Every structure is written in structure tokens, then in C-alpha cells.
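Biologist: Thanks for sitting down with me. Could you walk me through this structure?

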Amino acid sequence: MERGGVKIVAKNREARHEYFIEDTFEAGISLSGTEVKSIRQGTMSLKDSWCQIKDGEIFVRQMHIAPYEKGNIFNKDPLRPRRLLMHKSEINRLFGKVKQEGYSVIPLTVYFKNSRVKLEIALCKGKKLYDKRQDAAVRDAKRQIDRAMKGNY
């Protein structure tokens, strides 16, 4: 899917189900050449990935990038922590929020923007089970209303 120089490679669909998204940020990722080639092939996953702020830097953890087939010795560990490139003020703002109870930083989307790999991360608050049920009920009600409006009941 492409829109204005942006090609989406991977999405974390589970994140929107598990968390309330408070705010989103765009970050660059520090990658090796073979990792970029592997991402271009679409062999990556954001499932169970999360971000950690440590010593004034932010890292994405558990983001799986499959080893590039023709990479040989240049391939890196598929699950290694990768440093994100963000402004210091944004990192400090995120760090302040994460210190509050219940907030976490979760990657949402990986995409190419003008040939550079970017990661959309979100400041999230965890959903309880009743929140998830309420979201499902709202979706079902909207679906029924749409059907009734079309006349396909």
C-alpha cells in the first residue's frame, strides 16, 4: 500500500486491540544494510515488540527482522535491540509519561518514507478486558446500523 512516497511494510494490528493510543511519534531506526534489504522483502514482524528508554536513548525490542538470504556474515541477530532516532526532547517527554503508571511505548507501523525506514511508535495505556468487550460491542452496533442504512437486513 503506497501513499505519497510512503510504503507500509508491517503493522502491529494487535496493539490497537490491546492498548488505548494516546499519542504517536515517527522515529528513524538504526539498521545494518542487510536488515534494510530484508525489510524491503517484507520479512519482518512487529508482534510482541515494545520500546525501552535507557540512558537517554530509546530502543525497540523483540522486533523480528529475518536474516537476509544473501547476507552471509553480515547478517545480524533477528531479535537484537535496535536504537531509534528521535529528538532528545521527544525521548524525555516519553520517558516522563512512561514513568507514570500504566503507560508504555509500543511500535505500530514500519514503513519506507522517501527510501528511509521509519517506525511509528505510540504512547499507550493498557486496556482492561471490559474495555475490549465495549470496543467489540461498539463495532457490532456500528456494523448493524450500516447494514440497516443500506437496507441489507
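Biologist: Where in the chain is confidence lowest, and where is it highest?
Modeller: Keep in mind that this is a predicted model. The chain averages a pLDDT of 84, and 95% of the residues score at least 70. Confidence is lowest in strand β1 (residues 2-3), with a mean of 54, and highest, at 90, in β6.

Biologist: Happy to hear it. Which residues have the most contacts inside the largest nonpolar core?
Modeller: That core has 25 residues.

Biologist: Let's pick L94: what is it in contact with, leaving aside neighbours within four places in sequence?
Modeller: In soluble globular proteins, nonpolar side chains tend to be buried together. With those neighbours set aside, L94 is in contact with F25, I53, I58, M86, V105, I121 and L123.

Biologist: Which side chain does the side chain of E35 make a polar contact with?
Modeller: Not counting residues up to four places away in sequence, E35 touches I65, K76, D77, R80 and R82. The polar contact, at 3.0 Å, joins its side chain to the side chain of R82.

Biologist: One last thing: how far does helix α4 reach from its first C-alpha to its last?
Modeller: Helix α4 covers residues 129-150, which is 22 residues, and G151 follows with a positive phi near 95 degrees. At 1.5 Å a residue, the expected span is 32 Å, and the helix comes close to that, reaching 32 Å.

Technical notes. Residues numbered from 1 in each chain as written. Predicted model: local features only at pLDDT ≥ 70, side-chain atom pairs only at ≥ 80, totals over all residues. Heavy atoms only, no water. Core = buried A, V, L, I, M, F, W, Y, C linked by side-chain atoms within 4.5 Å. Buried < 20%, exposed > 50% of the residue type's maximum accessible area, 1.4 Å probe, protein only. Contact = heavy atoms within 4.5 Å. Helix = DSSP H or I, 4+ residues; strand = E, 2+ residues; numbered from the N terminus. Expected span 1.5 Å × (residues − 1). pLDDT = per-residue confidence, 0-100. Polar contact = N/O pair within 3.5 Å; in protein donor to acceptor, adjacent residues only side chain to side chain.
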